[in-house]
Amino acid sequence: RELAHQLVAHPELAAEHRRALDGIPAPLTTDSDDDLDTVAAILSETDVDTRWLIPGHLARGDRHVLVAPEGAIKSTLFRQLAVCYSAGLNPWNRQRVADGLRVLFVDAENSRDQSRHSYRWIANRCRTTMMADGWGERLVHKTRNDGINLIGKDEQWLRELADRTSPDVIILGPAYKLMRGDPKEDRDVQNLLDVIDRVRVEHDAAVLIE
């Protein structure tokens, strides 16, 4: 009764108590299904089977970025991966693990001649009876070292190209040559990733970016 009397007699004290109560954080869990995002709730969910393209290595929806200094053979590595994916091989042991994937490779740096020499060198070393037939037909390599801007005029080009090839895997790079923005600016990079992600989601593909 004494506390109630003081609150009535001093409304500013009541207001202060109200603000203090309102400042208490809400519980982490609620009764709403939309808000059950605690780790306990996540761990209680049933695991979804990973939709592997290359078991243990690459899954649908994956997005991987390879970063290395200039001259660190990033393009060569990506071509090796592209050949193995299209041939249904695990790229680390050359064992046949798939029927062969459809791969779209957009190269914004190297010439067609450079790519041809590199693919011939790679194919001669990967060649095995375990390679899925027709791997070269499943690997589409587009040379765009004339300049490409995926966050501008060339977004529709990429979308139409993906529609025609229906890729399981999309390989692009180098990232700074895929746009006209500043690769050091987060907004420009995010705009590029947004374009790539829209294509990735639409085709349920994995993406590798140099």
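Modeller: Helices (H or I, at least four residues) and strands (E, at least two) are DSSP runs, numbered from the N terminus. The model is predicted, with local features needing pLDDT of at least 70 and side-chain atom pairs pLDDT 80 or more, while totals for chains, interfaces and linings use all residues. Residues are numbered from 1 along each chain as its sequence is written, and side-chain values use heavy atoms, without hydrogens and water.

Colleague: In what order do the five strands of the open sheet run?

Modeller: The order is 3-7-6-4-5, with parallel pairing (pairing requires at least two DSSP bridges). From one strand to the next, the twist averages 10°.

Colleague: Which strands stand at the edges?

Modeller: Strand 3 (63-65) and strand 5 (139-143) do; each has a single partner strand, so one side of each lacks a neighbour in the sheet.

Colleague: Over how many bridges do strand 3 and strand 7 pair?

Modeller: Strand 3 and strand 7 (residues 206-209) pair over three bridges, in the parallel sense. Val65 is opposite Ile209 of strand 7.

Colleague: Which strands does helix 8 lie across?

Modeller: Helix 8 lies across strand 3, strand 6 (169-173) and strand 7, at about 150° to strand 7 (angles run from 0 to 180 degrees between N-to-C directions of axes fitted to C-alpha atoms, for helices over the stretch in contact). Helix 5 (residues 112-126) lies across strand 4 (103-107) and strand 5, running at about 150° to strand 5.

Colleague: At what angle do helix 7 and helix 8 pack?

Modeller: Helix 7 (residues 155-165) and helix 8 (residues 186-203) pack at about 20°, their axes 11 Å apart. Helix 7 is therefore roughly parallel to helix 8 (under 35 degrees). The contact (heavy atoms within 4.5 Å) involves Glu155, Leu158, Arg159, Ala162 and Asp163 of helix 7 with Val195, Arg198, Val199, Glu202 and His203 of helix 8.

Note on methods: Parallel < 35°, antiparallel > 145°, perpendicular 65-115°, else oblique.
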